[in-house]
Amino acid sequence: MRQQTWITRKTTATAALATALALVVVGCSTKDEKTSTTSPSAATQATPEKRGTITASLYDRGNIPAEEGTIINNRWTKWVNEKGPADVKFVPIPRFESLQKYNVLFASGSAPDLIFEFDKSYLGQLYNQKQLMPLDDIINKYSKEYKARLEKYPALKKATTMPDGKMYFLGRPYNLDPNHYLFVRADWLKKLNLQVPKTTEELLAVAKAFTENDPDGNGKKDTQGIGLSFISGIILNHMFGNGFTLFGTDQYPWNLKDDKVVHDWDSLKAAIAYQKTIYEAGYTDKDFVTDKNGAKSAQDWMAGKVGIIGSSLPTKNYETLKKNVPDAEIIPIALPKSEFGQFSPLLNNPIAVTGAVNAAAKDPAAIVKEIDFMSSEAFKTTMNNGIEGEQYKKGANGCPEPIDAEKTKKEVSYIADLNMLASLAKDSCTGLENKTNPTPIEKDMLEVLKQGRVAYVDPSRPMPGVTHRDFLPLLPQDLVAINTNANKTIVDLATKVLVSGNSYTMDQFIQEAKAAWEKAGGPKVDAFYDEWYQANKKTALLMKDLYEIK
């Protein structure tokens, strides 16, 4: 999903049809017109509006209990067809093989009318292939609910409009909340009489103390000062203002300088050098390079052996930590300031693109009416919680709470992907903040969320980059290959320099990384992003715009 700006109840569940009875009055006159009578003609009843039939995709995660049916034939898909404005035939899409499935469906001419997909790049490819229907006219003509959403959240239309000036994607608003956090063991800070680090130098000193000064008090030197794998490493790159990562393929080393998009080698070099210092000093797990998804680091943290770690909101992991170390305290901290300024880790995209309409769809009116139905608060409440009086009741705050948590989990949780048009903005009964009976662990996490918003959702400490990576323009296929291959080489070189000591220096790394980028044709990618920025900087969703959405 990408475009010119991309790099990428109170309603009833159904509307009753009114029946109009029209009396045709015929005036009859006598020949001499002395008298005039009116008599009722045959009463005619307005023809009910024809109910449309459409197809829609639905992720299949293989998680539906057998007694509930199948992912496309269960109590909720039946409910959608009973309560909704159209007859919907659902098409199952394997969640983690969705692109392959869609490719087969499009190739055979059997792709669904209403397409739901989280992969924004793939939706962008469908746009480039002219497989998607422009939505402006049909939304204006047939929609009420979704049209109101576009009016309430102007950035949504901006984020779903492509270079031809037409809107091709469906989406929903989110909260602009932290996605990544840098956590510190606050109890260790207190025990060692340390302050929350404000600079990169202070962070290094805290990592050293956490490694060498026995913060867990077991008399052994068995603690790690700081994690480097996965989210931890990504965050440390962000600390220096660079979106490059050693983990995964989502490299984002571009920044704005002097109103131009540049490949920021300086901040990349500084970030990798900092992590090399941590590794060589022994403040982290020596095998972090092989911990691609951070699972090993998370296990060490839950065991109470890591002092500083990057993570998403870690409710389950925190619960395990508290079981293992009841006195453990964690706090999210603002990223320490580096020589490049002060930044924040990754935030949620406040506008999520989740769907589109097949260009070959035959009944746009029925599709839009179904979109309205699926965008409503009533629909969202049902898909999230079930039926009031059956699966949920209203809590003290007016929001749903399960009548029987296990029953609700079994009967409702599998259908979450039907809710891909549900608004997740915080003016509704969603999220941890609106939970009616939070556990002690969830209360702690709510406090973490509040602290994280203060620390990270601040335009004076922005995410690195030109815009959220979801709003970078979609690279042409030839540049995709260049970008992917060159960055793989650079990741390998960065990994090598981190673990090679003096045998491979930072100067060698940056020299070879630049050479690899040049040789692969990387400057074409740099030029593409700068040309996009220069042409669209007045209309694109840039980083500053994201904070205004909040």
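This is a predicted model: local features need pLDDT of at least 70, side-chain atom pairs count only at pLDDT 80 or more; totals for chains, interfaces and linings use all residues.
Okay, a definition to start: a residue is buried when its relative accessible area is under 20%, exposed when that area is over 50%, and partly exposed in between, using a 1.4 Å probe and protein chains only. Take N193 as a test case: is this residue buried or exposed? At 67% relative accessibility, N193 counts as exposed.

Residues are numbered from 1 along each chain as its sequence is written, and side-chain values use heavy atoms, leaving out hydrogens and water.

Now the overall picture. The chain has 550 residues, and 51% of them count as buried. Its C-alpha atoms fill a box of roughly 115 × 55 × 40 Å along the principal axes. The secondary structure comes to 20 helices and 17 strands; these are DSSP runs, with H or I over at least four residues for helices, E over at least two for strands, and numbering from the N terminus.

Let's zoom in on helix α18, residues 506-520. From first C-alpha to last, α18 reaches 21 Å with its 15 residues, close to the 21 Å expected at 1.5 Å a residue. That expected span is 1.5 Å times one less than the number of residues. Which residues of α18 are buried? They are M506, F509, I510, A513, A516 and W517. Looking down the axis of α18, you'd find these buried residues within an arc of 125°, so they line one face of the helix. The arc, by the way, is that of the directions from the helix axis to the C-beta atoms. And here's the handy rule behind such patterns: an α-helix has 3.6 residues a turn, so residues three or four places apart point the same way.

Over on the other side of α18, D507, Q511, E518 and K519 are exposed. The cover on the buried residues of α18 includes strands β11 and β12, plus helices α10, α17 and α19.

Helix α5, residues 145-152, has Y146, R149 and L150 as its buried residues. They span an arc of only 100° around the axis, which puts them on the same side of α5. Turned away from that buried side are the exposed residues E151 and K152. Packing against the buried residues of α5 are α4, α6, β8 and α13.

Next, a loop residue: Y252, between α9 and β11. Y252 is buried, at 3% relative accessible area. What does Y252 touch, leaving aside residues up to four places away in sequence? Its contacts include N242, F244, P464 and R469, where contact means heavy atoms within 4.5 Å. Y252 and R469 are 217 residues apart in sequence, yet 7.4 Å apart in space, C-alpha to C-alpha.

Last topic: phi angles. Most residues other than glycine have a negative phi, and most peptide bonds are trans. Back to N193, then: this residue isn't a glycine, but its phi is positive, about 55°. You'll find N193 in the loop between α7 and α8. D214 isn't a glycine either, and has a positive phi of about 50°. D214 sits in the loop between α8 and β10, and is partly exposed, with a relative accessible area of 23%.
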